[in-house]
Amino acid sequence: MNYISTRGKAPALDFEDTLLAGLAEDGGLYLPAHWPLLTPSDIAALTDQSYQDVALRVLSPYTGQDVSASDLKRLIDQAYGSFSVSDVAPVQHLYDNHYLLELFHGPTLAFKDVAMQLLALLMDHALMRRKSRATIVGATSGDTGGAAIEAFRGKAACDIFILYPKGRVSDVQRKQMTTPREDNVHAVAIEGTFDDCQALVKAMFNDQPFRKKVSLAGVNSINWVRVMAQTVYYFTAALQLGAPKAKVAFSVPTGNFGDIFAGYVAARMGLPIEQLMIATNVNDILARTLASGRYQTGEVVATSSPSMDIQVSSNFERLLFEVADRDGAIVEGYMQALRDEGGFDLAPAHLAQIRQMFAAERVDQQQTADTIAAVHDRLGMILDPHTAVGLAAAEKMDLPKDVARVTLATAHPAKFPDAVQAACGIYAAPPAHIAAMLDQEERSDTLANDLASVQDYILSRTRHAD
């Protein structure tokens, strides 16, 4: 399998080079040159198989000859051996035709663990095989940072630097980044928003001399392997609900568009998905885009669902590439307008294609709190604010009654105890390993939103500069 850039100018890469590159040299994002297809009989054959076995079948077409079948199986088994439940991503029935896909059973209690644990092992495997090394730089609105640090802490072939917006993540999210003591871990608070952190990371990847000097690699959802790994749980959830004979719809709490794009990938591979609901909080750029056809950035508003406090959804570029018939020049035009004017108007044909599979709903702060309270009153279950946004949006899906609606539960409520307690009066107690972490000493540095300062910081601390 080869991978091509959404901007159309970077050379095609194989899987391993795509894994290590992250962002393409032309500023674009990598996608497979073609979509592998699973027939209905292929999908049906996965019924009742373990999460790991489904992952092996779904992911092996993407890794190709770069990772042997035996190595891929070993890495998949190792990645999910640290999860607290054997089925990794269980589906729970809520009420009527609503279901919850629990993605918070990994070590940092967030859906990011599902992809990050595997990504770290694949990257370490590639670097060790090449006798090489990497400096990993990522941006986080909350969960990616903790998941990445947990996955890469102590890895001999990698130093990891995670940029997060100062004062805009929860205490648990911050401490998952700042309490690890390994020498290869660096948590950096940026005086700005997540979009500022993300822009700094993209600028470093686009600075080719710096990129080469520190052997830069990325673990944000700009890295194709993040999206690839997340595709698996769409298959396992749908299989539990009767796929391929039964169609399923998914509601996805959405910020950077990577997780929901993984659902699009599953559909392109043949999984029958009735609809993908883009669930946003008041930072509703994607809901506005689907309603108006205008992608227009605005000010980031801090909310109780901080991982979604984003105004530039990077992975949306991958969808643009798809609906533009993979014409990199068209995507480059959209991205140039975004840089120069802060937004762009979608071509009517492109908007129409997006609306065929995607819907979008905005859920405000009060609706989020009301959903947490209502679910607790009705079921005795506690949702985190991001999951509550997803469920509130799922309630608005305009679909036939026999279509199962699956909300992705992207985080454990203990990651956001203040918001949960304010909504339903219940303190969401953390698991023992998280409770112990909360008492540990923090270690981080604060930097201005300035590219040169961040690059100097990395150069002075990475062990892997040439």
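Predicted model: local features only at pLDDT ≥ 70, side-chain atom pairs only at ≥ 80, totals over all residues.
The largest pocket holds about 610 Å³ of space. Its lining comprises 28 residues, and those closest to the pocket centre are Ala 199, Lys 202, Val 312, Leu 338 and Arg 339. Three helices each supply at least two lining residues: helix 8 (194-206), helix 13 (316-323) and helix 14 (328-341). Helix 8 gives the most, with 7 residues. By class, the lining of the largest pocket divides into 9 nonpolar, 10 polar and 9 charged residues.

The second largest pocket holds about 380 Å³ of space. It is lined by 19 residues, of which Leu 20, Ala 21, Glu 25, Arg 211 and Leu 216 are the closest to its centre. Two or more lining residues come from each of helix 1 (15-21), helix 5 (112-130), helix 9 (208-213) and strand 9 (216-218). The lining of the second largest pocket has 9 nonpolar, 3 polar and 7 charged residues.

An open sheet is formed by 3 strands in the order 2-1-3, with antiparallel pairing. Strand 2 (13-14) and strand 3 (30-32) stand at the edges. Each has a single partner strand, so one side of each is left without a neighbour in the sheet. Strand 1 (residues 2-5) pairs with strand 3 over 3 bridges, in the antiparallel sense. Within this pair, Tyr 3 stands opposite Pro 32 of strand 3. Helix 13 packs on the sheet and touches strand 1 and strand 3. The direction of helix 13 makes about 50° with that of strand 3. Helix 13 also supplies at least two residues of the lining of the largest pocket.

Key. Residues numbered from 1 in each chain as written. Heavy atoms only, no water. 1 Å grid on protein atoms, 1.4 Å probe; cavity = no way out; pocket = protein on both sides within 12 Å on 5 of 7 lines; lining within 4 Å. Points joined across faces, edges and corners; volume = space filled by probe spheres on them. Helix = DSSP H or I, 4+ residues; strand = E, 2+ residues; numbered from the N terminus. Nonpolar A, V, L, I, M, F, W, Y, C, P; charged D, E, K, R; others polar. Pairing = 2+ DSSP bridges. Contact = heavy atoms within 4.5 Å. Axes fitted to C-alpha atoms, helices over the stretch in contact; angles between N-to-C directions.
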